[in-house]
Amino acid sequence: MVSIKSPSLVSVSREQALLSVGCLTVVLLAFLLVRQLVKQRRPPGFPPGPSPIPVIGNILSLATEPHVFLKTQSEVHGQIFSIDLGGILTVVLNGYDCVRECLYHQSEVFADRPSLPLFKKMTKMGGLLNCKYGRGWIEHRKLACNSFRYFGSGQRQFERKISEECMFFVDAIDEHKGKPFNPKHLVTNAVSNITNLIIFGQRFTYDDRNFQHMIEIFSENVELAVSGWALLYNAFPWIEYVPFGKHQKLFRNAAEVYDFLLEVINGFSQGRVPHVPRHYVDAYLDELEQNAGDPSSSFSYENLIYSVGELIIAGTETTTNTLRWAMLYMALYPNIQERVHREIDSVLANGRAPTLEDKQKMPYVEAVLHEVLRFCNIVPLGIFRATSQDANVNGYTIPKGTMVITNLYSVHFDEKYWNDPGVFSPQRFLDSNGNFVRREAFLPFSLGRRQCLGEQLAKMEMFLFFTTLLQRFHLQFPPGTVPTVTPKLGMTLQPKPYSICAVRRQQKSPSSNTPYDNCKGDKRLCSERTSWEHKCANDLALCSSELL
Ligand code: HEM
């Protein structure tokens, strides 16, 4: 009896179990769907916007050229409107007036960063760039600003160090002997070395494979951070457990970058003398030790790694892309390049190296660099912000903690402030006498509390790298080729890889102030890059006195 009945009993309970699991799944899915739909409802007084698709919201609309899509939407819904990123209601600010009202007049209200799952996973909302607005951010921003001043632009020597890097850069380009090459690699190395000088007190050679690999995968993450997978991860963090997808690559890259940075930080902090900092890492370790007894201090080894990583990538990706765009547009518009050459030649007599003092005498170069920043929109959507308290803008109510996108592209293409914004024209930054004029609606570095911390440094770098490059070379595309100007999308807009020929246009003058000259003009003395660097990198005076 028992042996006959038990199989049927078992089969009934298995069916029942399956049914119960099925019912539970349906109830759970229905609950999640309702919860998602509730999250997608705009609260009263919230800015209007395009209708979202249930569950995924407007994510799909951001797949191609999100900055352009958002500007177009502002023409329908107004300068301030909202979109739904899979349940994350987000306010978008468009046009100069609206961006200024929020980021400048309500600076503190719009100073936070959103607590997105991706940021939480990457830097636990610590470090500097992604840090929540509060004590942690203040402490890290202050330390970084002081370090940039103390080890960077505030030092007279620093300009000379950038000029040295410029010479390494143009010499490396010269090795291509006017043949086509992709400048990305060299520009990235040269530019990152300026930040490296402040952070580690030293540069990395252009053949340092480990450093290059780190920069490559870090910059890949800048692209991946706004990929569809990253947006989906922010909306549905459980996809962390889906073993494929670009978000997994992002996590793997980040882990590798942090391991590398930890090693480098340990290396450069060797021989440190407390309270006598040689660079940012030393200064940070001093703060860490001084605040060791304060449990609410934000200085930690983990935050040191995050902030070092953020400073390196924020400084490298942006300035590199600006210079790569500038090179591309010079080759694309030979008449503009010719005018740049004429100005450089007239100011830098006898081929002497440019200095920052020359900047005022070169309004056209300034105009070109400004137009590149405006037209190319290096960081088109800024870095995502959030409201630190309830806000009121143009009659709309935005609750505390709402994610905010600042469409800087829409500022630079704002028809109220720019004539023919879609035309590349350096002339718009010049008055009728050819003097450089500042333009109000020019915000490549954003505005307000979280405004770019490296603006001064970036301006120094761009001017010195660009003038040194154009002083020595004529830039042209390989015969029969014209690269696309359609950008590669990511957090930053960069040109798609292109080849260019840098054709030498003047001999190095014996009177020019180059690293070689400090070696008495005898290139052989400096021909071994590494040994020259070893001797001269930190102090050119030492190099020349040794050689004398
Ligand atoms: C052409 C070059 C550059 C451009 C166009 C640029 C642009 C920007 C933009 C748009 C932001 C977002 C600000 C916001 O939240 O509204 C930003 C933030 C930031 N930038 Fe830059 N940047 C450049 C160079 C640099 C350099 C050279 C460094 C440092 C080495 C740097 C470090 C930072 C940091 C740390 C932040 C975050 C500031 C904070 O959250 O308090 N940037 N930058």
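UniProt positions are given in the numbering used here, feature names are shortened, and annotations may be inferred rather than shown by experiment. Residues are numbered from 1 along each chain as its sequence is written. The model is predicted, and local features need pLDDT of at least 70, side-chain atom pairs count only at pLDDT 80 or more, and totals for chains, interfaces and linings use all residues.

**View 1. Cys452, a residue with a UniProt annotation.** The unreviewed UniProt entry places a "binding site" annotation on Cys452. Cys452 sits in the loop between helix H15 (408-412) and helix H16 (455-472). Helices here are DSSP runs (H or I, at least four residues), numbered from the N terminus. Cys452 counts as buried because 20 C-beta neighbours lie inside 10 Å. The cut-offs are these: buried means 20 or more other C-beta atoms within 10 Å of a residue's own, exposed means 12 or fewer, and partly exposed is in between, with C-beta atoms placed from the backbone. Leaving aside neighbours within four places in sequence, Cys452 is in contact with Phe445 and Ser446. Contact means that the two C-beta atoms, placed from the backbone, lie within 7 Å.

**View 2. The shell around the ligand.** The ligand is surrounded by 27 residues. The closest are Gly315, Thr318, Ser446, Cys452 and Gly454. Helix H12 (301-332) and H16 each supply at least two residues of this shell. The largest share, seven residues, comes from H12. By type, the shell divides into 13 nonpolar, 10 polar and four charged residues. Here Ala, Val, Leu, Ile, Met, Phe, Trp, Tyr, Cys and Pro count as nonpolar, Asp, Glu, Lys and Arg as charged, and the others, Gly among them, as polar.

View 3. The buried residues of H5 are Gly136, Trp137, His140, Ala144, Ser147, Phe148, Phe151 and Gly152. An α-helix has 3.6 residues a turn, so residues three or four places apart point the same way. The buried residues of H5 pack against helix H6 (156-174), helix H7 (184-200), helix H11 (280-290), H12 and H16.

**View 4. Helix H11 among its partners.** Tyr280, Val281, Asp282, Ala283 and Tyr284 are buried in H11. The buried residues of H11 pack against H5, H7, helix H10 (246-268) and H12.

**View 5. Val55 and Lys177, each with a positive phi.** Val55 is not a glycine, yet its phi is positive, about 75 degrees. Val55 lies in the loop between helix H1 (2-39) and helix H2 (66-77). Lys177 is not a glycine either, and its phi is about 50 degrees. Lys177 is found in the loop between H6 and H7. With 11 C-beta neighbours inside 10 Å, Lys177 counts as exposed.

**View 6. Pro421 in its loop.** Pro421 is placed between H15 and H16. Pro421 and Phe375 are 46 residues apart in sequence and 7.7 Å apart in space, C-alpha to C-alpha.

Note on methods:
A residue is near a molecule or strand if its C-beta atom, placed from the backbone, lies within 6 Å of it.
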